[in-house]
Amino acid sequence: MDYHSFLSCIDFTIVAVYLGVLVFIGFHLKRRASQNLESYLLGGKHIPWYLLGLSNASGMFDISGTVWLVGITIVYGLKSIYIPWLWPVFNQIFLMVYLSAWLRRSNCTTGAEWIRFRFGTDNGAVTSHWIIVVFAILVGLGMLAYGFIGMGKFVEIFMPLKSVFPFLSFLPDTYIPHVWGVIFTLFAVFYALMGGMMSIVWADVAQYIIMGLASVAVAIIAILHLDIIEFSSWLPNSWFSPWFGQELNMTWTGKFVEFNNKIGSDGYQLFSLFFGLVLLKGVLASVAGPAPTYDMQKILSTRSPREAALMSGSVTLVLMPVRYIMITGFAILGLILFNQIQGQITTPAGVIDFELVLPAVINHPWIPAGITGLILAGLLAAFMSTFAGTLNAVQAYIVNDIYIKYFKKDATPRQANRANIVVGLIVVVVSICFGVLAQDVNSVLQWITSALYGSYIAANILKWHWWRFNGRGFALGMAAGMIPALILPIVPYFDGVLPLYYFPIIFICSIVGCVWGTYSVPPTDLEVLKEFYKTTRPWGIWKPIDVLVKAETPDFKENSDCCRDLINVGVGIIWQTALVAASIYLVLQQFIYFIVAVIIVIITSVILKRNWFNKLEN
C-alpha cells in the first residue's frame, strides 16, 4: 500500500510544524545553555517545579513504553496496572514523600558527584564514583536503545521506508525500522545538544500539550465506537477486575484464543508470585532512590528541596490520567478492530506482535486526517522527550564526572559546551548500535528493569540509611550485583526465564558485596559523615553520627518522620493506582467502578494534603 494513503497533507504538515518547533527551541536557547556547565546540564537551577514536573512526565510518556502498555492492557485488562511496577512506576511516590528532598539538599550536579558528597574522596569513594558513572552510562545507553527500537517499529508500519525513499530498497527488511529510528533521533539530538536542559524542558512542555490533545482524541474515538455489551462478551470474565487469586485464571476464547500464548510466554500465570516479587522489588528499588537517569537530573535541577518534592508529586498527577486514557483508547480499538488489523500485527512466523497494535490502529480509517497527524506528532514527541532527557543525563556523567574531573578541571564554558556536543554524538552512535543488536522492545526493557537495576538496589538503599556503609561497600555491592546481572541472561539454564525471577540472586550477591566491602575497611571519614547527615537529614541507622552532630550543634534536630513518611508512601501508592484505574474505567464507560476509583483518589488526596503537603519544609 502506498504511504500517501496513510498520511494526508495535513498530517504531514502537523508533524513538520512540530519538528520545526523543536529546531527553533534548540537555536533559541543555545546561548543561555552555553553560559556554564550548570546552565547546560541543570538549567542553572532556576526552572520552576511545575515546568520540570511537566517535563519529567513528558519524558516518562515514552513511545516504547506506551506501545508495550497498550499490548499488556489488551491481554490482561485491569490487572495490567500492576505490571508496570516492574519499572517501578510508584518510585515517584517515594521521591515525592521524602527522597527528592534528601537528594536536592546535596546541591550536586550528578549522582556520581553525590557519591563524593556521601563517601568523601578515599579509595573506596573513588571506585564508587567510577562504578556509578559506568552504571549510569549503561542504563542510559540501554534506555536510548529501548526508545530507538520502539520508534522504528512504530513509524514503519504506516510509513513504509521503501515507499517513502525508493532508493533504499536494497536494505534488508530486518533493519528498516532502525533507519526510521536514526532519522527521528537526529531531531532529538539537535535540540538536546544545542540547548541542554533548558531546551529539553521547554520542548517537553510543548510535547506534553501535543500528547494531551492526542490522548483525548484517541479516548473520544474509542468511546464513540465502543458497544460495551458486545465488547464485554468477547473478554474473559476477570478482564474488568483488578483483583486476582493465586493464579491469573484468564483464558481467551474465540478469535482471541492466540492471546493465551502471550500469557504463557510472559510467565505471569502464577500472578500472586509475580505480584509479590514485583512489589518487593519495586519497594526495594524505590527506597534505593532515583537511578542516575533524566529523573535524577530533573530533581537536581529544581530550585529547592521543597520544589523537588512538589515536582516529583506532580509527575503522577499530570502523567497517569493523560497516558492511560490514550492507552485504554488504543486497547479498546485494537480489540474492536482485531479482525481488520490481524494481518498487520502478525509476524511472518504467524505470531501476534502486540507491539504493533498501536501503529496498526493509527492506520485505520477510524482515525481521521489531522487526528492521525496529531497522534503521530504526540508519539514522536514522547520518543524525543525520553531520548533527549536520557541523552542529557549520560552527557552529564561523562562530561562532568570524567572529562572535567580527570582531564580538564579548568575547562571554560566554551570547552565544556563543545565536550557536551562531542560526547552526545558519540553516545547516540553507540546507542543506535545497541538498538540494532536488540531483538525487541521487551527484551531491552526486561534487561534494564529486572537485571541491571537489580544490581543498583542494595547499595543504594544502604547509602541513605546506614552510617557505617562506606565507599568500598558501595563499590563492591554494585560490582557484585552488576556482574551476575550481565552474565545470567546469557546462561543457558536461565534461557526463557523472566529476569524478575532471578532478581533475588542478583540482590543477594549485591548484599554480600555491600557487607563484605563495608567491614573490610574503616568507616567513612567522620567529618564527611557529619556534613552529609546535617545537610541531608536522613532517617535510618544514624545514631552514632547524630550524637556527634548534636555535640557540636546542640539545637540540631534529627529526622523523626520515618513512620509518617512510610504511611504517606502507602497512601500514595494507593492514590496512584486508583488514579490509573479511574482513567481506564472512564474510557471503558464502567462508571460505577470509575466512581469508586475517584472516591479512593479523593480520600487519599485529602490524607496526603494533610500529612504530606502541609508538612513540607520550606
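Student: Is D561 buried or exposed, or something in between?
Tutor: D561 is partly exposed, at a relative accessible area of 22%. Under 20% relative accessible area a residue is called buried, over 50% exposed, and in between partly exposed, using a 1.4 Å probe and protein chains only.

Student: What sort of model and numbering are we working with?
Tutor: The model is predicted, so local features need pLDDT of at least 70 and side-chain atom pairs count only at pLDDT 80 or more, while totals for chains, interfaces and linings use all residues. Residues are numbered from 1 along each chain as its sequence is written, and side-chain values use heavy atoms, with hydrogens and water left out.

Student: Which residue forms a salt bridge with D561?
Tutor: The partner is R564, with the closest N and O atoms 3.3 Å apart. A salt bridge here is a side-chain nitrogen of Lys or Arg within 4 Å of a carboxyl oxygen of Asp or Glu. R564 is partly exposed, with a relative accessible area of 23%.

Student: Where do K550 and D546 lie relative to each other?
Tutor: They are four residues apart in helix 25 (residues 543–552), and therefore about one helical turn separates them. Helices are DSSP runs of H or I with at least four residues, numbered from the N terminus.

Student: And which of these are buried or partly exposed?
Tutor: D546 is buried, because its relative accessible area is 4%. K550 counts as partly exposed at 26% relative accessibility, and E558 is also partly exposed, at 35%.

Student: Changing topic, how many aromatic pairs does the structure hold?
Tutor: The structure holds 40 aromatic pairs. One of them is the tilted pair of Y268 and F274, at 4.3 Å centre to centre and with 40 degrees between the planes. Rings of Phe, Tyr and Trp (its six-membered ring) pair if their centres lie within 6.5 Å; planes under 30 degrees apart are stacked, over 60 edge-to-face, and the rest tilted.

Student: Are Y268 and F274 buried or exposed?
Tutor: Y268 is buried at 2% relative accessible area, and F274 is buried at 0%. Both belong to a cluster linked by ring pairs, whose members include Y76, W85, F244 and F275.

Student: Which charged ends sit over rings?
Tutor: The charged end of R118 sits over the ring of F532, 5.2 Å from its centre, and that of R306 sits over the ring of F613, 5.7 Å from its centre. The rule asks for NZ of Lys or CZ of Arg within 6 Å of the ring centre and within 35 degrees of the ring normal.

Student: What about S215, where is its place?
Tutor: S215 is in helix 10 (residues 176–225). At 0% relative accessibility, S215 counts as buried.

Student: What is S215 in contact with?
Tutor: Apart from neighbours within four places in sequence, S215 is in contact (heavy atoms within 4.5 Å) with F61, V322, I325 and M326. A polar atom of the S215 side chain lies 3.0 Å from the backbone oxygen of V322.

Student: Last topic: how many disulfides are there?
Tutor: The count is zero, where a disulfide is a pair of cysteine sulfur atoms within 2.5 Å. Regarding individual cysteines, C108 is buried at 4% relative accessible area, and C514 is buried at 0%.

Note on methods: Helix = DSSP H or I, 4+ residues; strand = E, 2+ residues; numbered from the N terminus. Polar contact = N/O pair within 3.5 Å; in protein donor to acceptor, adjacent residues only side chain to side chain.
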